[in-house]
Amino acid sequence: MHLFEILLLGAALSADAFAVTLSDTFAYQSESRAKMLLLPVAFGIFQAFMPLLGYFLSGAFAQLITMYAGIVTFIMLGIIGANMVREGAVALRSGKDVNEEITECATTDAHNPSCKLTFKVIALQAIATALDAFAVGISLRAQSVNIVTTVALIGCTTLMLSMGALVIGRRFGKLLGDKAEIVGGVVLLCIGIKALLL
């Protein structure tokens, strides 16, 4: 497998991570840049780790994970996405301006889970978007690849593309205003449905 092919594979695997990062920047506009930077880092680590795991694991356990990866992804992203849509709809119905809502989340309602991007949510999203990479790791075993270099490139590609999603999301999130959280939730739901159907 050539370098260009590995980079293409990394870009393909990171598509979901890119979309989820984008949706999170829409939904969690009150979060600090430091917290948001954890998204690309987490996605990059898991996109590198899961193929490595798939490469070294085989047999019934690997087949079980591959078989149910779509269902697990759908459930994880579906729950998070539906909650984001619900919170966005509540904000729209209340008639609050997006800047007012962000200020409220940052001050008086800082402990409200809907206002904050928690480490649990980041971990669940990173796992859900990396499950398909496990199957790729199994297929890499049949090819002559340097697995360490390959997974490092996949992880770095995901990190860089997710960083790009942060920049894009920050700009478009402000343009979308109160609808940003709903759009982010719909994106997650669509990714979950895609994982279930494919």
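Which residues of helix 2 are buried? They are Asp16, Ala17, Ala19, Val20, Thr21, Leu22, Ser23, Asp24, Thr25, Phe26 and Ala27. Here, buried means under 20% relative accessible area, exposed means over 50%, and partly exposed lies in between, with a 1.4 Å probe and protein chains only.

A word on the ground rules before we go on. This is a predicted model, in which local features need pLDDT of at least 70 and side-chain atom pairs count only at pLDDT 80 or more, while totals for chains, interfaces and linings use all residues. Residues are numbered from 1 along each chain as its sequence is written, and side-chain values use heavy atoms, with hydrogens and water left out.

## The chain as a whole

The protein chain has eight helices and zero strands, and its pattern along the sequence reads α-α-α-α-α-α-α-α. Helices (H or I, at least four residues) and strands (E, at least two) are DSSP runs, numbered from the N terminus. Of the 198 residues, 43% count as buried. Contact means heavy atoms within 4.5 Å. When contacts between residues at least 6 apart in sequence are considered, 92% of them join residues at least 24 apart. The accessible surface of the chain is about 10,200 Å², and carbon and sulfur atoms hold 71% of that surface. These areas come from the Shrake-Rupley method with a 1.4 Å probe, and for residues only the protein chains shown count as cover.

Let us return to the helix we opened with. Helix 2 covers residues 15–27 and is mostly covered, with 11 of its 13 residues buried. From first C-alpha to last it reaches 19 Å, close to the 18 Å expected at 1.5 Å a residue; the expected span is 1.5 Å times one less than the number of residues.

Alanine 17 lies in this helix. Why does alanine 17 count as buried? It does so because its relative accessible area is 0%. Leaving aside neighbours within four places in sequence, alanine 17 is in contact with Phe43, Gln47, Thr129, Thr158 and Ser162. Proline 40 is 23 residues away from alanine 17 in sequence, and their C-alpha atoms are 8.0 Å apart.

Phenylalanine 18 is also found in helix 2, but this residue is partly exposed, with a relative accessible area of 26%. Not counting residues up to four places away in sequence, phenylalanine 18 touches Leu161, Ser162, Gly164, Ala165 and Ile168. Its C-alpha is separated by 9.6 Å from that of threonine 129, which is 111 residues away along the chain.

## Salt bridges and cysteines

A salt bridge is a side-chain nitrogen of Lys or Arg within 4 Å of a carboxyl oxygen of Asp or Glu, and by this rule the count is two. Here they are side by side:

| Salt bridge | Closest N and O atoms |
|---|---|
| Aspartate 16 with lysine 194 | 2.9 Å |
| Lysine 35 with glutamate 31 | 3.8 Å |

Aspartate 16 forms its salt bridge with lysine 194. This pair links distant parts of the chain, with aspartate 16 in helix 2 and lysine 194 in helix 8 (residues 180–197), 178 residues apart. Aspartate 16 is buried at 11% relative accessible area, whereas lysine 194 is partly exposed at 37%. In the other pair, lysine 35 is buried with a relative accessible area of 15%, and glutamate 31 counts as buried at 9%.

How many disulfides are there? The count is zero, a disulfide being a pair of cysteine sulfur atoms within 2.5 Å. Cysteine 156 is partly exposed, at 45% relative accessible area, and cysteine 190 is partly exposed at 47%.

Patches are made of residues with over 30% relative accessible area and no salt bridge, with like charges joined within 9 Å and nonpolar side chains (Val, Leu, Ile, Met, Phe, Trp, Tyr) within 5 Å. One nonpolar patch is formed by Leu64, Met67, Tyr68, Ile71, Val72, Phe74, Ile75, Ile79, Ile193, Leu196 and Leu197, which together have about 1,000 Å² of accessible area. Helix 4 (60–94) and helix 8 are the elements that give two or more residues to the patch, and helix 4 provides the largest share, eight residues. Isoleucine 71 has its place in helix 4 and counts as partly exposed because its relative accessibility is 39%.
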